[in-house]
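These are my notebook entries on one protein structure. I record what I looked up, entry by entry.

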Amino acid sequence: MGILGISFNRSISRHLPYSCIAVSVYVKVFTNSPFLLCMDLARSQEELIDPNYLWIGPDGRSLEGQLHVNLTATGKLMLLGFKEYMSGAYTCTLSHKIIETTTQEERAMSETYKFMVYAYREADHAYQVFVRFTTRECELQANGLFFEELLKILTNIISDLTCHITESSYKCHSVRIPNQGLLHELFINFQVNPFAEGWEDVCKQVPYDCEDVTNMRVQEARDRIGEFFRKQTYALRHEFQTVPTIHYVESSFSVTHIDSCRPGFGKNDVTHQGCAGCCVVCEPGTYSPNNEVTCQLCTDPQVRMYGARFC
């Protein structure tokens, strides 16, 4: 049987009954896990005599009485305010009795259920933008001035969103276009990033879902920039009697979505198919020191924690 992976956040309160296979469960950081049930589906439909439940955490200790758990009398476990270090293997041993109807003989039975529980975060979004402008010639001094002015305009459009323009550049190329001959065009590209000065102050207001806030803001920034370039097409058609020396190439605006993960997290859609696209906590023996999207292997045997940021 395969590994079942499930992504849940604190808004989900269903119970999870499973058999003895190891089940992958993904819990968004700072939220509560769903209830994990110490029995499989078939057992949950049966009568149990003198049931006893023993939950063991990743550190090998009993979870009974620990502050970060909610354990019920019927063996259900909820992990509270989930954090990176809480990731790992959670096992529950269900002990109960079977009483023979005819002889009243008692037999002790036990089954063990295992859950691999991983912290995850939403990926941080950014957008790579590509756009082209026609110019009179590549050596034109105004090309550089135009580029700088364009960046100022775009920065002003999105500044209230604590987003900014990064990694900006342009090159001039000669382009042969059917029925128009040889033209000169500025190929401009830049990144729209949600981490401008002041973004951390915004996150302090909503610390548990910071990625959700920054992602919504950078998406709004992307939409505003897209609208700006769409207006260039309208202006060229309806507002200019003489076409400017440097002007927008219609329909040249394009956007590429870029993901990044916070330090200690990474993406692995093969290992974590149940949370594809999520930034899942780096497993022991791996680490991520920056905002890349993958956890790197660590040769240091001392790094055996979840969410390592250095090796």
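Which cysteine forms a disulfide with C261, and how many Å apart are their sulfur atoms? I found that C261 is joined to C279, with the sulfur atoms 2.1 Å apart. I count a disulfide as a pair of cysteine sulfur atoms within 2.5 Å.

**Entry 1: the model.** I note that this is a predicted model, in which local features need pLDDT of at least 70, side-chain atom pairs count only at pLDDT 80 or more, and totals for chains, interfaces and linings use all residues. Residues are numbered from 1 along each chain as its sequence is written, and side-chain values use heavy atoms, with hydrogens and water left out. The predictor's confidence in each residue is its pLDDT, from 0 to 100. I read an average pLDDT of 86 for the protein chain, with 90% of the residues scoring at least 70. Over residues 1–19 the pLDDT stays under 50. For residues 1–19 I looked up 60 contacts beyond four places in sequence, where contact means heavy atoms within 4.5 Å.

**Entry 2: C261 and C279.** The torsion about the S-S bond of C261 and C279 is about -80°, so I recorded this disulfide as left-handed. The pair links distant parts of the chain, 18 residues apart: C261 is in the loop between β14 (254–260) and β15 (265–266), and C279 is in strand β16 (residues 279–281). Helices (H or I, at least four residues) and strands (E, at least two) are DSSP runs, numbered from the N terminus. I found both C261 and C279 buried. Buried means under 20% relative accessible area, exposed over 50%, and partly exposed in between (1.4 Å probe, protein chains only).

**Entry 3: other disulfides.** I searched the whole structure and found 6 disulfides. A disulfide is a covalent bond between the sulfur atoms of two cysteines. C38 lies in the loop between β4 and α1 and C92 in strand β8 (residues 88–99), so the pair ties together parts that are 54 residues apart in sequence. I noted that C38 and C92 are both buried.

I also looked up C298 and C311, whose sulfur atoms are 1.9 Å apart in a disulfide. Here the torsion is about 80°, so the disulfide of C298 and C311 is right-handed. C298 is buried at 11% relative accessible area, whereas C311 is partly exposed at 41%.

**Entry 4: D40.** I located D40 in the loop between β4 (35–37) and α1 (41–44). D40 is buried yet has no salt bridge, a salt bridge being a side-chain nitrogen of Lys or Arg within 4 Å of a carboxyl oxygen of Asp or Glu. The nearest side chain of opposite charge is that of R43, 5.1 Å away. Lys and Arg count as positive and Asp and Glu as negative, while His and the chain ends are not counted. What does the side chain of D40 reach? I found the backbone nitrogen of A42 at 3.3 Å. The backbone nitrogen of R43 lies 2.7 Å from a polar atom of the D40 side chain.

**Entry 5: positive phi.** I noted E167, in strand β11 (residues 164–177). Its phi is near 50°, a positive value in a residue other than glycine. E167 is exposed, at 58% relative accessible area.

Definitions and conventions. Polar contact = N/O pair within 3.5 Å; in protein donor to acceptor, adjacent residues only side chain to side chain.
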